[in-house]
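Please open the structure in your viewer and keep the sequence at hand.

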Amino acid sequence: MSVLIIGDVGVLDGMFHIGDEAMFEAAVGELAQRGLSPVGVSSNPDETAARYGIPAVPRLGFAGLDRAEASRRADHLIAVAAGTAELSPDDPAAEVFAALDGAQMLVNAGGGNLATRWHSHVFERATLARLARLRGVPVVVTGQTLGPDLDAPDDAVVARMLREAVLVGVREPDTAALVDSWGLSATLNVDDASFLGLGEAGEAGASAPRGGVVVSLSGWFAGRPADEVEQRVADLADAAALAVGPVSFHAHFGAVDPAAPARGDARLHERIRQRMSQPSAVVPTGTSRDAAALVRRAELLITGRYHPAVFATPAGTPVLALSADRYTRIKLGGALGHWGQTGVLDLDELPDAPRLLETIAANADAIRDEAAARLPRLRAASGQWWDRVAAAGRS
């Protein structure tokens, strides 16, 4: 049974985004294990098909459109679905319509992009859901962060999409509260990629030899002076090297080719490394599973990115997370909170980071024990969620 699944996937310009690909990969794997046949919606269908071994179709055509253009595009596609308009022969949405015709279900895969700051994603995902419902195809929304900047009319658009979905899954309490404020219900779980590559008993992270510090950062400083933030992060990395062990930098948004010049997060990492007094190393971006294994073997993770924390926490790796704004604070706090960790620090509090680092390092054993205690329950809940998703596709 075919299931159409949309995620923010498809390598463009040689750049790989680990978190977005990880959520999609996890969803594809969970659906396939339950006898369903995923078909991806991707920015680069050929690349996605080759990477995951599934058919893939292009996106609906919202990328790069301003709000007015996106609104007209959505109206046109819905009119096509209703039979009152036609697609041009070269319209990329034609392949999506064909895929929907043969689909048992649409899965809106995990992500944190349903916010006003990314209006094109709101339009695309909501429009695709409307197209599915007009064809009688059930819709599942999984692994979401919504907002927190979700202004009118975007809030109404997203609320309608959730209202028409047969299942809604979210990944932190703030998003669950937002859904509840709309008079709707959602299932709160860990991020869909939390157990990617983790053995059934957690042995891929819990018993593997640990060592060193992994640093994985985002260049989003929410308007703060870059020089100041980068120097303070360099000071923190130096402190971690002295207190915990060797530091390695790993870009979650970086080049597929490990020999390519530093771009994305890797360029930021190079600037910080140049400011450090202690030696450091670079780990190529690699795959999502590579990234997960890396942080699960670390003694400590310092991250401004979300998915390093998602991968690290189930294995009990202590995390010092750096938030730039309310959006990143909600996500990072949610990722850590599921596993009993609390080490989220605002970038304005970086002068206090070495002290928090000492506290986290001192509590490493307790952090690992707490993760081990929570792992069976949270893993079972995730499995039950995907059982429900698969059942929705068979109904």
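Is Arg160 buried or partly exposed? Select Arg160 to begin: with a relative accessible area of 40%, this residue is partly exposed. Please bear in mind throughout that the model is predicted.

**First stop: helix 6**

Arg160 belongs to helix 6. Side chains of opposite charge can pair when their charged atoms come close.

Next, select Ala126 together with Arg160. In sequence these two are 34 residues apart, while their C-alpha atoms are 8.3 Å apart in space.

Move to the loop between strand 7 (139–146) and helix 6, where Pro148 is placed. The peptide bond that leads from Gly147 to Pro148 is cis, with omega near 5°. Pro153 is also in the loop between strand 7 and helix 6. Select Ala152 with Pro153 to see another cis peptide bond, here with omega near 0°. Most residues other than glycine have a negative phi, and most peptide bonds are trans.

Select Arg171, in the loop between strand 8 (167–170) and helix 7 (173–181). Its relative accessibility is 2%, so Arg171 counts as buried. Which residue does the side chain of Arg171 join in a polar contact of 2.7 Å? The partner is the side chain of Thr145.

Go now to strand 1 (residues 2–6) and select Ile5. The relative accessible area of Ile5 is 0%, and the residue is therefore buried. Apart from neighbours within four places in sequence, the contacts of Ile5 include Phe24, Ala27, Val28 and Leu31. Pro38, Val39, Gly40, Val41, Val107 and Ala109 are also in contact with Ile5.

Select residues 18–33, which form helix 1, and residues 288–296, which form helix 11. The two helices pack at an angle of about 105°, and their axes are 9 Å apart. Helix 1 and helix 11 are therefore roughly perpendicular to each other. On the side of helix 1, the residues that meet helix 11 are Ile18, Glu21, Ala22 and Glu25; those of helix 11 are Ser288, Arg289 and Ala291. By class, this contact has three nonpolar, one polar and three charged residues.

How many salt bridges does the structure hold? There are 28.

Select Asp346 and Arg329 for one of them, in which the closest N and O atoms are 3.0 Å apart. Asp346 lies in strand 16 (residues 344–346) and Arg329 in helix 13 (residues 326–337), so this pair ties together parts that are 17 residues apart in sequence. Asp346 is buried, at a relative accessible area of 13%, whereas Arg329 is partly exposed, at 38%.

Then turn to helix 15 (residues 364–394), where Arg374 and Glu370 lie four residues apart, about one turn of the helix. Their side chains meet in a salt bridge of 2.6 Å, N to O. Arg374 is partly exposed, with a relative accessible area of 22%, and Glu370 is partly exposed as well, with 34%.

Finally for this stop, select Asp8, Arg59, Glu124 and Arg125, which are linked in a network of salt bridges.

**Last stop: positive phi angles**

Select Asp13, in the loop between strand 1 and strand 2 (15–17). Although Asp13 is not a glycine, it has a positive phi of about 55°. With 64% relative accessibility, Asp13 counts as exposed.

End with Ala222, in the loop between strand 10 (213–216) and helix 9 (226–243). The phi of Ala222 is near 55°, a positive value in a residue other than glycine. Ala222 has a relative accessible area of 32% and is partly exposed.

Terms used:
Residues are numbered from 1 along each chain as its sequence is written. This is a predicted model: local features need pLDDT of at least 70, side-chain atom pairs count only at pLDDT 80 or more; totals for chains, interfaces and linings use all residues. Side-chain values use heavy atoms; hydrogens and water are left out. Buried means under 20% relative accessible area, exposed over 50%, partly exposed in between (1.4 Å probe, protein chains only). A polar contact is a pair of N or O atoms within 3.5 Å; within protein, one must be able to donate a hydrogen and the other to accept it, and residues adjacent in sequence count only if both atoms are side-chain atoms. Axes are lines fitted to C-alpha atoms, for helices over the stretch in contact, and angles run from 0 to 180 degrees between N-to-C directions. Angles under 35 degrees count as roughly parallel, over 145 as roughly antiparallel, 65 to 115 as roughly perpendicular and the rest as oblique. Contact means heavy atoms within 4.5 Å. Ala, Val, Leu, Ile, Met, Phe, Trp, Tyr, Cys and Pro count as nonpolar, Asp, Glu, Lys and Arg as charged, and the others, Gly among them, as polar. A salt bridge is a side-chain nitrogen of Lys or Arg within 4 Å of a carboxyl oxygen of Asp or Glu.
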